[in-house]
Amino acid sequence: MKQVKQTKLFLFIFLLIATFSLNAQVGVGTATPAASAQLDVSSTTKGFLPPRMDSTARNAIVSPATGLTIYNTTIKAFQVYNGIAWYSTVHFIGESYGDGIVFYVYDNGQHGLISATDDQSTGTQWSNGVFRYTGTYSSDGLNAGAMNTALIVATQIADNPTANFAARVCSDYFVIAGGITHGDWYLPSRYELNLLYLQKAVVGGFGGVYWSSSEAGLSTAVLQNFSTGIWFPDFKDNYFRVRPIRSF
């Protein structure tokens, strides 16, 4: 009889705890969880560890709930399901974003460079009919292509206002998606073009030799061969490929 009473008491306590756990806030490492949190984890020596899986395992999740969160080991970033698709809390190389494909990231994935999905010209001159210094000889590095493109267009547009040339092809390029127009594309600097070359397999669609926005002299500008990776100067009135990029 005593054992039966103890069992009933144990079951009563268990049900009481279970009911309390289901209806009250839960604190881990704290006796006073925040009023606005259903679960409050507190620690100064340990972190919160969510489920870790690669993209293949993530895609195998059946009917993911809106707000479901994982750490994706393929892209090395947190991802959240928004009810329609998985999105990352940081940007990553190979991501389809900003009407192109991300090929470089920095600031922990908060900023980077996007490539257009296709070449916008398979044969365009760098110059616009006249050899001119445009001021882009020493302007190289990350995001330098945007200023280079503006300088090249401003310096050369009057030579033939209706003609196309490499920088203009990029500055005129735009993509409309979801009601948003992205028109801030530019001809990459030599440094940026090399970053794009390093991710050519990820971005795709490349072939041949590409203009950069970095000039080499009055009559020459810098190109890069996307088959060999070698860059070299060539005459501005020769015809080579153009791939616009933009920054975020």
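Seven salt bridges are found in a search of the whole structure, a salt bridge being a side-chain nitrogen of Lys or Arg within 4 Å of a carboxyl oxygen of Asp or Glu. The structure is a predicted model, in which local features need pLDDT of at least 70 and side-chain atom pairs count only at pLDDT 80 or more, while totals for chains, interfaces and linings use all residues. Residues are numbered from 1 along each chain as its sequence is written, and side-chain values use heavy atoms, with hydrogens and water left out.

**Salt bridges**

| Asp119 | Arg241 | 2.8 Å |

Helices (H or I, at least four residues) and strands (E, at least two) are DSSP runs, numbered from the N terminus. Asp119 is buried at 17% relative accessibility, whereas Arg241 is partly exposed at 24%; buried means under 20% relative accessible area, exposed over 50% and partly exposed in between, with a 1.4 Å probe and protein chains only.

Arg243 is buried, with a relative accessible area of 1%. Asp140 is partly exposed at 33%, as is Arg190 at 31%. Through shared partners, salt bridges join Asp119, Arg241 and Arg243 into one network.

**Aromatic contacts**

Arg190 also lies over the face of Trp231, at 4.7 Å from the ring centre. Arg246 lies over the face of Trp185, at 5.6 Å from the ring centre. For such a contact, NZ of Lys or CZ of Arg is within 6 Å of the ring centre and within 35 degrees of the ring normal.

Ten aromatic pairs are found in the whole structure. Rings of Phe, Tyr and Trp (its six-membered ring) pair if their centres lie within 6.5 Å; planes under 30 degrees apart count as stacked, over 60 as edge-to-face and the rest as tilted. Tyr97 and Phe248 form an edge-to-face pair, 5.4 Å centre to centre with 75° between the planes. Tyr97 is in strand β7 (residues 96–97) and Phe248 in the segment after β17 (245–247), so the pair ties together parts that are 151 residues apart in sequence. Tyr97 is partly exposed at 33%, whereas Phe248 is buried at 18%.

Phe206 and Tyr210 form an edge-to-face pair, 5.6 Å centre to centre with 75° between the planes. Tyr210 is buried at 1% relative accessibility. Tyr197, Phe206, Tyr210 and Phe226 form one aromatic cluster.

**Sheet**

Four strands form an open sheet of mixed pairing, in the order β3-β4-β5-β6; two strands pair if DSSP finds at least two bridges between them. The edge strands β3 (52–53) and β6 (86–88) each have a single partner strand, so one side of each is left without a neighbour in the sheet. Strand β5 (residues 77–81) pairs with β6 in the antiparallel sense over three bridges. Tyr87 in β6 is the bridge partner of Val80.
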